[in-house]
Amino acid sequence: MQFSGLPFLFCFLPAMLLIYLLTPKKLKNAALFLGSILFYAWGEKRLVFLFLLAILLNYLFGLWIGKYRGTGKSRLFLWISVVGDLGMLFYFKYADFFIGSFNRLLQTSVSLLKVALPVGISFYTFQMISYLADVYRGSVKPQRNLITFGTYVALFPQLIAGPIVRYAQLEDQLEHRTHSLEKVADGARRFVVGLGKKVLIANAMGEVCTRFRATGDASVLFYWMYAVAFMLQIYFDFSGYSDMAIGLGKLFGFTFPENFDYPYISGSITEFWRRWHMSLGGWFRDYVYIPLGGNRKGQKRQLLNIFIVWALTGLWHGASWNFVLWGIFFAVLLIVEKLGFLQWLKKHSTAGHFYVLFFVLLGFVLFNAADFAQLGQDLAGMFGLLSIPSVSVEAVYVLRSYGILFVIGCVGATPLAKVLAGKICERRGLGWLEPAFLCGIFLLVTSYLVAGSFQPFLYFRF
């Protein structure tokens, strides 16, 4: 069930809000847990019991790790639980990938398992691992209430697409969160903005990408339009979903961490990854990079750690070698910056912005390629190495049709629109513009959804 779908907007969410409102305070977590399991079961009827089993096992291991903390048993339980969680992730997400790679490398014919990928498994697996690691370190106490722990893992606003929320960030809120009209209004505002970003911009850019892949009238211009369109699609798709998750969290009294901070205005790749998918970057920093030694064991070890972390980050995004190469691509850029290029970028900020946009765009072309053959063709087409014209009739038609949305997307990916909207709404007598604008967005989104508009969701693959 997508947040940007009619069943969620007009059935599940209103019913969940009403039930939550009428539920006594002591039972609100139970209501959220059951509602979240129903939400998950909507799209994963066959695998919901696996999800429940994972919650139960991680709950028990958390208790055992906490009980024997400071002893060898605690470390043993941590390893068993983490290996179990990663083993489940590996089986469902990567088993066929490695079997296929093995077959191609050794010319064998081992049968693929053809297992279905559970929705959101990468997100909730990382959440459970972070909880177990924090209990082992003693930074949080083990949660003794199974329903409360289940609520943390299964909480539907952030279940299928993040942000990756750590237990320490919700520990107090799970028991003592506050509710207010101000928080509800802020949550509704954030949700509608995210909904608009997803449906009105990301989906439209997805249409451009789909038309490009289906075209028989390719041109250099069309290749570049596709690259920019996907760059905008993935940002507005994922940041829009993060906005909706954060807004939904506020409706139920939770405050989730931010996940995006206008990454396309960055002046370096280092800064870009501090602004893009911040919860994932923080997870890899705290649970992989720092345990590997971080920057504490000399520069050579630090650069190796960066390489390892980014290869794993790429693999986390999908079971394909292009994702691994995508992670290594950014690892190389980050290492180059660590070796001194970052200082040059700080002195030449304008050049730094163009450098980031160019290499991030190339990175997302790599990210979205079905295979290396398609990647080679995309790059060759962008740089005029194919026997195609510079401009084609269809490219001009698509540019005329979607040109305004390209402009809106480019402006919306910067703080400019938010700053201008804030200044306008602060003026005396214009405070009504914001609710009117939000209502307009919601009505426009609804009309698009009723008409059956194009509705992809990139992060379901994760």
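Visitor: How many salt bridges does the structure hold?
Guide: A salt bridge here is a side-chain nitrogen of Lys or Arg within 4 Å of a carboxyl oxygen of Asp or Glu. This is a predicted model, in which local features need pLDDT of at least 70, side-chain atom pairs count only at pLDDT 80 or more, and totals for chains, interfaces and linings use all residues. Residues are numbered from 1 along each chain as its sequence is written, and side-chain values use heavy atoms, with hydrogens and water left out. The number of salt bridges is 14.

Visitor: How many residues apart in sequence are the parts that Arg-190 and Asp-243 tie together?
Guide: Arg-190 forms a salt bridge with Asp-243, with the closest N and O atoms 3.0 Å apart. Arg-190 belongs to helix α9 (residues 181-214) and Asp-243 to helix α10 (residues 220-251), so the parts tied together are separated in sequence by 53 residues. Helices are DSSP runs (H or I, at least four residues), numbered from the N terminus.

Visitor: Is Asp-286 buried or exposed?
Guide: Asp-286 pairs with Arg-285 in a salt bridge, the closest N and O atoms being 2.9 Å apart. Arg-285, at 43% relative accessibility, counts as partly exposed. Asp-286 has 16% relative accessibility and therefore counts as buried.

Key. Helices (H or I, at least four residues) and strands (E, at least two) are DSSP runs, numbered from the N terminus. Buried means under 20% relative accessible area, exposed over 50%, partly exposed in between (1.4 Å probe, protein chains only).
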